[in-house]
Amino acid sequence: MTALTDAWENKAEISLEELAALPADQVYLIDIRDTAAFGRGSLPGAVNVDPLALQQGAVDLPEDKLLVCLCMWGKISLGLAANLREQGYTAVSLTGGYSLWLQQKLKKDAELAAQDENRLKRIETSLRRKYKRRILNKFVQAICEYDMLQPGDKIAVCISGGKDSMLMAKCFQELKRHNKFPFDLVFLCMDPGYNEMNRKVIEENAKLLQVPLTFFSTDIFENVFHVEDNPCYLCAKMRRGYLYRKARELGCNKIALGHHFDDVIETNLMSMLYSGAIRTMLPRLKSTSCPGMELLRPLYYVRERDIKSWRDENGLYFIQCACKFTETCSTCHTDGTTDSKRLEVKKLIASLEKENSQVPANIFHALENVNLDTVLKYKLHGKEHRFLEEFE
């Protein structure tokens, strides 16, 4: 035991300020959030570890360092740190978790950005140069191939606060600078019941990236919080409806969502594996609930790994799903479960891609190469057809 571990032997928590004052080589950061959340961002030097394995003592940990456990909000990590202390380690929980660290980091970034006038310019330049082929060109390609924009359109660019929607906003701004015909943009952000911390994260990022948000509030999180059966589906459906109505109120005729290439292929595979159907996210569709409105997905060809690369290279941090379920650290998974069926499918595709790099593209193009002569049944305009109709 070192002098540092001895000093923290009987303590349960550590603040961000106390952590910053400690020698980095004497601290071991353990992030117990799931792999998807960890992939969206974590503290520098943190190691992603399965909390169930930690509880069972199945992970080799340094005995001469202070173990600092962190989760999203600093709640589940409290119990885990106590469990590690019972195993003989010197372990504490990070007060406020990743969420508080992120809020403080964004605040510091905003202060630095105010002094560094070139930071926004560097972020935007990276889109025009290094990521032009992988992101910006693919964004424009989808818009052109699917005829998403027409003269006089007013588009509500829907901002959730995550990396995808904020990148989409920057791409639209870039397109607007060079547009060949007139169209208008509204950067629409719905607050479905964010806590103050998550709302602040969105506002700080929008300020840094100079995306002028139009906020409006709803009570969706409160309404679905006590729903037991598929609350995420209900939440998504309600959010879509509110976005359509608010966009129309603002004079928009289209809304744009930040779904990317990986969302599309994951949805394809999920439909087959868990719904027994073949269907996909379309890049453009008409609203059935809000006549006259259309939905666009201009990141349709953009890979998520390229979005993450752009984010990380520019030192950007964004929120993930910020509903009341994640506020209780339900994504920390002390029971060993996965984030969702989508995460399972994401991992499956990633493992297949290691063996064959063409797998993601093949899943995507499968929906463009449907041979109805070899399909048992299919639906067209709601009417079911069978291969036997043409058999004779």
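Tutor: First, a term. On a 1 Å grid over the protein atoms alone, a pocket is an open set of points with protein on both sides within 12 Å along at least five of seven lines, while a cavity is a set where a 1.4 Å probe fits but cannot get out; lining residues have an atom within 4 Å of a point. A volume is the space filled by probe spheres set on the points, which are joined across faces, edges and corners. Also, this is a predicted model: local features need pLDDT of at least 70, side-chain atom pairs count only at pLDDT 80 or more, and totals for chains, interfaces and linings use all residues. Residues are numbered from 1 along each chain as its sequence is written, and side-chain values use heavy atoms, with hydrogens and water left out.

Student: What volume does the second largest pocket have?

Tutor: About 560 Å³. Its lining has 14 residues, and Ile 278, Lys 377, Tyr 378, Lys 379 and Leu 380 lie nearest the centre.

Student: Which strand gives the most to that pocket's lining?

Tutor: Strand 12, residues 377-380, with four residues. Strands (E, at least two residues) and helices (H or I, at least four) are DSSP runs, numbered from the N terminus.

Student: How does the pocket lining divide by class?

Tutor: Nine are nonpolar, one is polar and four are charged. Ala, Val, Leu, Ile, Met, Phe, Trp, Tyr, Cys and Pro count as nonpolar; Asp, Glu, Lys and Arg as charged; the others, Gly among them, as polar.

Student: Now cavities. How many of 30 Å³ or more are there?

Tutor: One, in a search of the whole structure. Glu 124, Leu 127, Lys 170, Glu 174 and Arg 177 line the largest cavity. Helix 9 gives the most to that lining, with three residues. By class, the lining has one nonpolar, no polar and four charged residues.

Student: On to packing. At what angle do helix 7 and helix 8 pack?

Tutor: About 80 degrees, with axes 7 Å apart. Axes are lines fitted to C-alpha atoms, for helices over the stretch in contact, and angles run from 0 to 180 degrees between N-to-C directions. So helix 7 is roughly perpendicular to helix 8 (65 to 115 degrees; under 35 is roughly parallel, over 145 roughly antiparallel, the rest oblique).

Student: Which residues meet there?

Tutor: Ser 126, Leu 127 and Arg 128 of helix 7 meet Lys 132, Ile 135 and Leu 136 of helix 8. Contact means heavy atoms within 4.5 Å.

Student: And what about helix 13 and helix 17?

Tutor: They pack at about 70 degrees, with axes 9 Å apart. The contact residues include Phe 261 and Val 264 of helix 13 and Pro 360 of helix 17. Eight residues of this contact are nonpolar, one is polar and none is charged.
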